[in-house]
Amino acid sequence: MIIAHNLGALNSFNKLNKNANATTKVLEKLSSGLRINRASDDAAGLSISEKMRAQIRGLNQAERNIQDGMSLTQVAEGGLGQVEDSLQRMRELCVQAANGTLCSKDRQNIQDEVNQIIAGIDNTANNTNFNGIPLLNRPQRSESAQGTPSVSWANKITSGPRYDMSVSWSSSNIAFSTTTGDTYMINSDGTNEHLILTAAYSPTLSRDGTKIAYVGCGSDTGINICNIDGSGKVKVSNATTLTSYSGYQASLSWSYDDQYIYYGGNFGQIERTNVSTGLSEVVIDKFDSANLIEASISPNGNSILFSTDNYEIYLANSDGTGIHKLVDSGFAPAFSPDGTKFAYMDYSTGGISVMNIDGSGKTNLTEGLPSGGYMNPAWSSDGKQIAFYSFTDKDIWVGNLEELFNTPTSYSTPAEITLQVGAGSGDTFVVTLSDVRSSNIGISDVVVDPAEMAMASIGKVDSAINTVSSERSRFGAYHNALEHVINNVSNYEINLSTAESRIRDADMSKEMIDMVKNNILSQASQAMLAQANQIPQGILQLLK
């Protein structure tokens, strides 16, 4: 028998501590109602739950946003209803004034009421607002159509001549590579030019501006990514023969969420690689015996532009459907940040052109600049500037698009309100507002004297009634659509909350069972510890 180490007591004490800790955790779960109270309870479950919570809270706010949007449409529709009632009365007066039994004095009295109705319509249009936002006289925004390019809108930012072959722009940084495979970073104002990579072609900055994807050579053959300072190189694809043009590797394109990199693949098709897993898949198969290259993904991820080695540019849905040609003689398309336009190398002019995504509104950006070829356009993050490479002086140029046109043609487009109706960045609903002021709907000059003018005015008022009725119908359609959207968002939130609950919430009955079990074990451990402490007492009997 030994007394220096009471092993039985130590073992019982160890079990007692374990049972006490288990009881504490169960009590915490029962008190909070949560199975996961800290990351150590379930690290993966906590990560998934937090992402779901972010989505749930976003959906909750989106519901309130949609309700506000529905209220806005109701206010607008109510104002339009008042305008329509006024127009109906105006038409009634015009019909009355057209009757030959009235004299000029009678019609003048009618004209006075018509004038008051016109003033009332303008008053309604000017004062119908929601949270200070005018709904029925929304100021129109002025845009510029094609004008004459200014010769001073663009300037060189590199200290060439440099044989650059690609350009990528994100935030205030521009990345470019040379024909020798050296990749540089430079500020958009031409300062802080520095080498960051060697044996690297087609550097492409991620959407958030923190990473660079590039095509490596030698030991880095394939698609690689690194930090913007060139550190932390990681190979994401072992593809060894990406589709190339003019002897150079074709450019890459990050997806809108920086999860995929798109490029011209091994067999002339458009492919993409998952940055996280390195898995590649075909997006658009090769067709018409042409290699598909130079992919560009729209900011919302719904569309993809690409060119072929036959110098044609196509637009398709991001899943590869709906392919149609936009340009017969172009290369290297690049989506604008708002996704409404794209810039490309225009072989018909040897310069850079910009076109609307529907194929309209082509503008030659480089007209007036030094003659020679320009290629590889890259937009600034705000869409106000554009960079491109010049074959003539072997330099990178940057132009301010706001200064491009010196003789713009202005025109107006309807104002819009964009509602955020979901938890994601692209979950929006656009409401186009109205302008029903008398001058806009064509009744500001309604005259009812003589009778012939009253008859002509009936047609004007009819046209105005049709316009306002159409606007009311549109706002009613908006309201109905938003009701469907809010139902979908509500169901989504409920289902997501249910899924999050399964991960994070505690099963109270199970935890009660565990608590009872741990309490019994703790009591048993205490009893056994007491018994173990009595065992050394037997030594005293030997000493008697």
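Good morning. The model is predicted: local features need pLDDT of at least 70 and side-chain atom pairs count only at pLDDT 80 or more, while totals for chains, interfaces and linings use all residues. Residues are numbered from 1 along each chain as its sequence is written, and side-chain values use heavy atoms, with hydrogens and water left out.

I begin with helix 3. Helices (H or I, at least four residues) and strands (E, at least two) are DSSP runs, numbered from the N terminus. Helix 3 covers residues 104-127, and its 24 residues should span 34 Å at 1.5 Å a residue; the expected span is 1.5 Å times one less than the number of residues. The end C-alpha atoms are 34 Å apart, which agrees. The buried residues of helix 3 include Arg107, Gln111, Val114 and Ile118, where buried means under 20% relative accessible area, exposed over 50% and partly exposed in between (1.4 Å probe, protein chains only). Their cover includes helix 2 (43-97), helix 4 (438-441) and helix 5 (451-504).

I turn to the cores. A nonpolar core is a set of buried Ala, Val, Leu, Ile, Met, Phe, Trp, Tyr and Cys residues joined through side-chain atoms within 4.5 Å. The largest has 51 residues, and among those that touch the most other members are Met90, Val114 and Val446. Helix 2 gives the most to this core, with 16 residues. Leaving aside neighbours within four places in sequence, valine 446 is in contact (heavy atoms within 4.5 Å) with residues including Met90, Gln111, Val114 and Ile118. A second, separate core of 17 residues includes Phe176 and Tyr184.

Finally, the aromatic rings. Rings of Phe, Tyr and Trp (its six-membered ring) pair if their centres lie within 6.5 Å; planes under 30 degrees apart count as stacked, over 60 as edge-to-face and the rest as tilted. The structure holds 13 such pairs. In one of them, phenylalanine 287 and phenylalanine 306 are edge-to-face, 6.2 Å centre to centre with 80 degrees between the planes. Phenylalanine 287 lies in the loop between strand 18 (280-284) and strand 19 (292-297) and phenylalanine 306 in strand 20 (303-308), so the pair ties together parts 19 residues apart in sequence. Phenylalanine 306 counts as buried, at 0% relative accessibility. Tyrosine 311 and phenylalanine 331 have ring centres 5.7 Å apart and planes at 65 degrees, so this pair is edge-to-face. Tyrosine 311 is partly exposed, at 35%, whereas phenylalanine 331 is buried, at 1%.
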